[in-house]
Amino acid sequence: IILNLLINALEATPAGGTVRLETAYLSNQRQEHFLEIVVADTGPGIPLDVAGRLFSPVESGKGEGHAGIGLSIVKALTQAMDGEITYRSDALGTTFRILLPAG
């Protein structure tokens, strides 16, 4: 999951840009614990025409060697661990956030 998100972020980030990986251990008011994983980049953001089907298998516009299924697999694996994945994207970059139950 993390490798796929990092590769996507690196490919989206222009020279001189930044890719950030952060983790945190969180708990809520019900004393439920979560692992938070954040992968953020300073790329151009996700085009609006792609955003609506971001987690579905798509024809990749990245060229040879890209099947267009990475994010759909990331979402399926995250959900299989009872987690959730969200993202935020604009012209200043994209941030993916994963929350996984931590016991």
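**Helix contact and aromatic rings**

I looked up which residues meet between two helices (DSSP runs of H or I, at least four residues, numbered from the N terminus): Asn4, Leu5 and Asn8 in α1 meet Gly70, Leu71 and Val74 in α3, contact being heavy atoms within 4.5 Å. The residues of this contact divide into three nonpolar, three polar and no charged, where Gly counts as polar.

I noted that this is a predicted model, in which local features need pLDDT of at least 70 and side-chain atom pairs count only at pLDDT 80 or more, while totals for chains, interfaces and linings use all residues. Residues are numbered from 1 along each chain as its sequence is written, and side-chain values use heavy atoms, with hydrogens and water left out.

I then turned to the rings, and found three aromatic pairs in the structure (Phe, Tyr or Trp rings, the six-membered one for Trp, with centres within 6.5 Å; planes under 30 degrees apart are stacked, over 60 edge-to-face, the rest tilted). Phe55 and Tyr87 pair edge-to-face, at 6.0 Å centre to centre with 70 degrees between the planes. Phe55 counts as buried because its relative accessibility is 19%, whereas Tyr87, at 29%, counts as partly exposed (buried is under 20% relative accessible area, exposed over 50%, partly exposed in between, with a 1.4 Å probe and protein chains only).

Phe55 also pairs edge-to-face with Phe96, at 6.3 Å centre to centre and 80 degrees between the planes. I recorded that ring pairs link Phe55, Tyr87 and Phe96 into a cluster.
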